[in-house]
Amino acid sequence: MSRINIIGSGISGLSAACFAAKKGHEVHVFEKNATIGGRTRQYTEQGFMFDMGPSWYWMPDIFERFYQNFGHTTSDFYNLVKLDPGFRIYFGAGDLIDVPADPAQLEQVFEQTEPGSAVKLRKFLSDAEFKYREGMLNLAFKPGNSWMEFATPTILKAALKMNLFTPMSRHVRQYFKNPRLITLMEFPVIFLGAMPDRIPALYSMMNHAALTQGTFYPMGGMFGIIDSMHKIAVENGVEFHTSSEVRQICTTGGKARGVDTDRGMYLSDTVIASGDYHHTESKLLVPEHRNYTVQSWDKRVFAPGCLIFYVGINKLLPELQHHNLFFDTDFDRHSREIYERPAWPGAPLFYVCCPSRTDTSVAPEGHENLFVLMPIATGLPDDPDTIAFYYDLLISRIERVAGVTIRDHVVYKKSYCTRDFINDYHAFRGNAYGLANTLMQTAVLKPSMTNKKIPNLFYAGQLTVPGPGLPPGLISGEIAAALAEKQLN
Ligand SMILES: Cc1cc2nc3c(=O)[nH]c(=O)nc-3n(C[C@H](O)[C@H](O)[C@H](O)COP(=O)(O)OP(=O)(O)OC[C@H]3O[C@@H](n4cnc5c(N)ncnc54)[C@H](O)[C@@H]3O)c2cc1C
């Protein structure tokens, strides 16, 4: 039995902890915050329970696979419901598409919007399913330490069909002409942190997740995922140390010897760092032990940051769905303000989650729980006046576009932005979602999971393989634990 120290209790750190403990090791998880979960934390205020980050539960098979590794199934922990409609897109005031869960109904929506598009949708989604099977169920589990991992006849043959060099925007336009359908089909890759013209069409696998598998919700809230992983970790003997910031990864003789925390030094045989990669490298390691220079991070393409409002409303809002995308302004303009000329957006796109439409437990009776998210460029200064300006702007847009009155019914509100991401997670420039999944930041080209100078130090999390999102976080932790295991043997 060896001792493994894990830095960070987000989904990737928890996953690594569960897998390492299952192998019989003594595992300690160190978390700087008072509560576990990282970006997937939850808080309760005035009877409202807010999930602080993720709200879309996609790829239920990846979660189920995780639970089965530990002799469990999803329903041991929460009631997973499929949302129908999966989500709503607003294109203007009262002008919307509800995306049905049922494939036949989805085809009808396509056909009504663009005659002849139902057949094309079927072809598009069949291609997307192929990519999902190869990408998420096979390639995503490779540590990405060398291109040789991908040099098998099956993978090379599949790679030819993966559209690695076609941008998602062109791929979508090869099938659809109607601007609404184009927006609907491009939307899922926005999760990957770059515009569809920068994301390889490999990631149309996200359309398989969004449109074929569907959008799910764990009753009780997304934190149920973290809670379930915590239970599995404790079942397997993992020890948690909250309010325990790691200040240094201690090394001697070219090996990691443990971590120095606010509460003292903890020795170990292996360290897995699952906090933000840039912070781990630049603050917890001396320069000669880093994989990347501080300057090289400036050349990386980061996924956006965001401004979030957690809002409590003292009436019901049947006009809203669980997931509502306000795409009633110019997509290109907002994306240029995120990626090309970083600035606070003039006419932003944004997203509103109203989980209390599905789950009455997340708001007091007769109330609604709103999570309003606007993507922004990383590193923007978030002074109170700017935040107040966008609160007004977004509330007015929700009222006008969805045809509701909410301003006078707000009984609770709290904002969360750049400085909070930096303070809470040591996020580089306050990024929310890690690195963008551009071609040049895919697989081996992502920051490495292995420290090249310290053989018993590994990385997990959204800045390394396979990337941002909850399912990739589960996979990242599993790979990191496997790398650690291999090194220990
Ligand atoms: C607003 C938002 C919305 C999102 N929406 C979705 C969604 O709908 N669906 C989806 O699948 N994904 C979504 N994501 C992405 C997903 O939440 C993340 O990719 C994932 O949670 C990242 O997990 P992680 O383990 O890599 O990092 P984190 O969750 O950030 O965990 C890292 C942990 O390390 C801790 N830490 C850092 N440094 C130290 C240190 N020195 N000592 C001790 N602890 C330290 C941090 O406090 C943190 O708890 C969203 C993310 C955000 C921010």
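Trainee: Which residues of helix H10 (residues 277-284) are buried, and what makes a residue count as buried?

Mentor: In helix H10, the buried residues are Tyr-277, His-278, Thr-280, Glu-281 and Leu-284. Buried means 20 or more other C-beta atoms within 10 Å of the residue's own, exposed means 12 or fewer, and partly exposed is in between, with C-beta atoms placed from the backbone. The model is predicted: local features need pLDDT of at least 70, side-chain atom pairs count only at pLDDT 80 or more, and totals for chains, interfaces and linings use all residues. Residue numbers start from 1 along each chain as its sequence is written.

Trainee: What covers the buried residues of H10?

Mentor: The cover includes strand S1 (3-7), strand S10 (246-252), strand S13 (270-273) and strand S19 (457-459). Helices (H or I, at least four residues) and strands (E, at least two) are DSSP runs numbered from the N terminus.

Trainee: Why is Leu-106 called buried?

Mentor: Leu-106 has 21 other C-beta atoms within 10 Å, which meets the cut-off, so Leu-106 is buried. Leu-106 lies in helix H3. Leaving aside neighbours within four places in sequence, Leu-106 is in contact with Val-99, Pro-100 and Leu-211; contact requires C-beta atoms, placed from the backbone, within 7 Å. Pro-455, 349 residues away along the chain, has its C-alpha atom 50 Å from that of Leu-106.

Trainee: Why is Gly-94 called exposed?

Mentor: With 11 other C-beta atoms within 10 Å, Gly-94 falls under the limit for exposed residues, so the label applies. Gly-94 sits in the loop between strand S6 (87-92) and strand S7 (95-99).

Trainee: Why are H3 and H4 called oblique to each other?

Mentor: Helix H3 (residues 103-113) and helix H4 (residues 117-135) pack at about 130°, and their axes are 7 Å apart. Under 35 degrees is roughly parallel, over 145 roughly antiparallel, 65 to 115 roughly perpendicular, and the rest oblique; H3 and H4 are therefore oblique. Axes are lines fitted to C-alpha atoms, for helices over the stretch in contact, and angles run from 0 to 180 degrees between N-to-C directions.

Trainee: Which residues meet in that contact?

Mentor: Glu-107, Phe-110, Glu-111 and Thr-113 in H3 meet Ser-117, Ala-118 and Leu-121 in H4. By class these are three nonpolar, two polar and two charged residues. Ala, Val, Leu, Ile, Met, Phe, Trp, Tyr, Cys and Pro count as nonpolar, Asp, Glu, Lys and Arg as charged, and the others, Gly among them, as polar.

Trainee: What do the buried residues of H7 pack against?

Mentor: Leu-181, Leu-184, Met-185 and Glu-186 are the buried residues of helix H7 (residues 179-186). They pack against S6, S7, H3, H4, helix H6 (168-173) and helix H8 (205-213).

Trainee: Why is the ligand said to lie between two domains?

Mentor: Domain 1 (3-40 + 49-55 + 222-300 + 436-488) and domain 3 (304-425) both give residues to the shell around the ligand, so the ligand lies between them. The domain bounds come from an automatic or database assignment.

Trainee: How many residues surround the ligand?

Mentor: There are 38, the closest being Gly-8, Gly-10, Gly-38, Gly-275 and Gly-461; near means a C-beta atom, placed from the backbone, within 6 Å. The shell has 14 nonpolar, 19 polar and five charged residues. H1 gives the largest share, three residues.

Notes: Contact = placed C-beta atoms within 7 Å.
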